[in-house]
Amino acid sequence: MASAAKRLDAVPGTPAPQISFDAVTLQLGGKAIIENLSLGVRAGEFLCIVGASGCGKTTALRLAAGLYQPTGGKVNFDGQPMREPRREIAIVFQDYGKALLPWRTAAGNVSLALEAAGMTSAERPARIEELLRTVGLPGHAGKYPSEMSGGMQQRLQIARCLAQEPKTLLMDEPFGALDAMTRQGLQDEVLSLVAASGATVIFVTHDLDEAIYLGDRVIGLLPHPGRIGIELAVNLPRPRDQLSTREHPEFLRLRRQLFDFIKATEQ
Amino acid sequence: MNRGAILWRVASFAVAAGFIGLWQLIANLKLVSPVFLPGPDRAWASLVRGFSSGDLWSKLAGTLEHMAYGWLLASIAGIAIGAIIGSSRTMRTYVAPSLEFLRPLPVSAIIPVAIAMLGLTQAMALFVISFGAIWPIMLATIHGFAAVEPRLYEVARSLQMSRLAVILKIALPSASPDILAGMRLSLTVALILSVVCEILAGLDGLGHWVLLSARAFRSADLFAGVILLGVTGYVTSVAMSLAEHKLLAWQAAQH
Ligand SMILES: Nc1ncnc2c1ncn2[C@@H]1O[C@H](COP(=O)(O)OP(=O)(O)O)[C@@H](O)[C@H]1O
Ligand SMILES: [Mg+2]
């Protein structure tokens, strides 16, 4: 497909994308994992990426984070090449159990990001309390991650990411390991957090409903090597609502389209 | 404490009491000449005498000092060197195997070298004790650093943490259970080598006391010294366990 980044640039009056992939290729172990991927993400956009397992979603996100360097093409952030990870880009990992420091309490884990940003120890406690309240963990400041449920640990990881005051939030199947009720609650919380902070989001999921429910746009990847197979604009009103949005005719139409795409990739 | 733990404690006290009783019996029956084997009563009397005269205090202080300095030096150097080797994959690949080769080298082999270079001095003792005690700490640190969850390094990268901050805030705490276990092992090594060095170099300490007592056939004093060494080993090891328990409270929360 044509370079989405270039196409966006070409439209007069369209702002330059915050994150852009320009014909990005990544080879790992002699194998192309991502090939010729072009993509632009506007500031403040909520982009969802779906695709079968192993099609390169995580790899694409790691490229956006600067954790991988492309072997071909360019990844830009605010018009500058991404050479290494930066605090403005926060990542919520799927395996929250591994991404938290087990020897630090909830407050200590949030503090890690504030310390890295150079906040003084006098300013930290108030900010930590505020962040824990934002993600729905007030009163859990003194708990160790191992004393918290999966949903609480993922909230904690989100709190640490918010402490980075990110321009971009990258989320890799953040709710994949959680039960349905917890997941729906967290979806709505992420939407309101993002609406409040204005952050750009790239959200990877294998749950098609989740992708449509959350996103402004959904991209479906094709596997071997990973490349864009479908791109859908989600024109559903915001704020989204777990019941009415999911019953919206547009939601059902997009859902059908995405299901057909995924089914075709699996054959 | 649960029932099982109490039973264990009672059982171990019973075994110790039985042992002392047997010892007294053997001594009373003179199965072994009293010149070589004093009864627990005579050993205890010698302990009391040694402490009230102050002799044993100064010997104990000497041994504790040798042990503490050697162990602390070994800990600082072992953690520092272990951290450098453990935090670099290249170093782990190229340096770690030669450490595995050096480790089984008995420390006794290094003692003549140390004596030749440093003489029968405190410096020689410090060198030998820390050389022996460094291995468990250094190898545990290397292992602990190598086993840090890679995801945490990615978190550190995305937070743009400095190399020093990554070591202090991520690698060291993550490796701390290994490091503390290594330090506990080294404590025993340091005590043993303190005694050896005191005996060889005639440095003030329980090792020297034990040696002089043996030469003078003062078996009660000899046993008093040996008992005191055992108690020293036990008490320092228990203190270390308590410190570990406190420092690793976060691990207890995981179960
Ligand atoms: N470090 C790596 N080296 C070699 N192959 C890799 C590496 N990481 C991922 N892959 C391969 O790249 C493909 C895409 O992986 P990934 O991005 O994790 O997929 P997804 O997140 O969509 O499930 C998979 O086939 C995986 O085996
Ligand atoms: Mg993945």
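**Chain A against chain B in a predicted model**

Q: How many residues does each chain give to the contact between chain B and chain A?
A: This is a predicted model. Both chains take part in the contact. Chain B gives 17 residues, and chain A gives 26 residues.

Q: What area do chain B and chain A bury between them?
A: The size of an interface is often given as the accessible area lost when the parts come together. Here 62% of the buried area is on carbon and sulfur atoms. The area buried between chain B and chain A is about 2,100 Å².

Q: Which residue of chain B forms a salt bridge with A:Arg62?
A: Three salt bridges are counted between chain B and chain A. In the one made by A:Arg62, the closest N and O atoms are 2.6 Å apart. That is inside the 4 Å cut-off for a salt bridge. The partner of A:Arg62 is B:Glu154.

Q: Which element gives the largest share of the side of chain B that touches chain A?
A: Two elements of chain B give two or more residues to this side: helix 8 (150-158) and helix 9 (163-201). The largest share is six residues. These six come from helix 8 of chain B.

Q: How far apart are the end C-alpha atoms of residues 223-243 of chain B?
A: An unreviewed UniProt entry lists this span as a "transmembrane region", along with others including 107-127. Residues 107-127 are 86% helix, with end C-alpha atoms 11 Å apart. Residues 223-243 are 100% helix. Their end C-alpha atoms lie 30 Å apart.

Q: Why does A:Thr168 count as buried?
A: A:Thr168 lies in strand 7 (residues 168-172) of chain A. The cut-off for buried is under 20% relative accessible area. A:Thr168 counts as buried because its relative accessibility is 0%.

Q: Which side chain makes a polar contact with the side chain of A:Thr168?
A: A:Thr168 touches several residues beyond four places away in sequence, among them A:Phe77, A:Glu88 and A:Gln18. The polar contact between side chains has a distance of 2.6 Å. The partner side chain is that of A:Gln18.

Note on methods
Residues are numbered from 1 along each chain as its sequence is written. Chains are lettered from A and ligands numbered from 1 in the order in which they are written. This is a predicted model: local features need pLDDT of at least 70, side-chain atom pairs count only at pLDDT 80 or more; totals for chains, interfaces and linings use all residues. Side-chain values use heavy atoms; hydrogens and water are left out. Contact means heavy atoms within 4.5 Å. Buried area is the accessible area (1.4 Å probe) that two parts lose on being put together, summed over both. A salt bridge is a side-chain nitrogen of Lys or Arg within 4 Å of a carboxyl oxygen of Asp or Glu. Helices (H or I, at least four residues) and strands (E, at least two) are DSSP runs, numbered from the N terminus. UniProt positions are given in the numbering used here, feature names are shortened, and annotations may be inferred rather than shown by experiment. Buried means under 20% relative accessible area, exposed over 50%, partly exposed in between (1.4 Å probe, protein chains only). A polar contact is a pair of N or O atoms within 3.5 Å; within protein, one must be able to donate a hydrogen and the other to accept it, and residues adjacent in sequence count only if both atoms are side-chain atoms.
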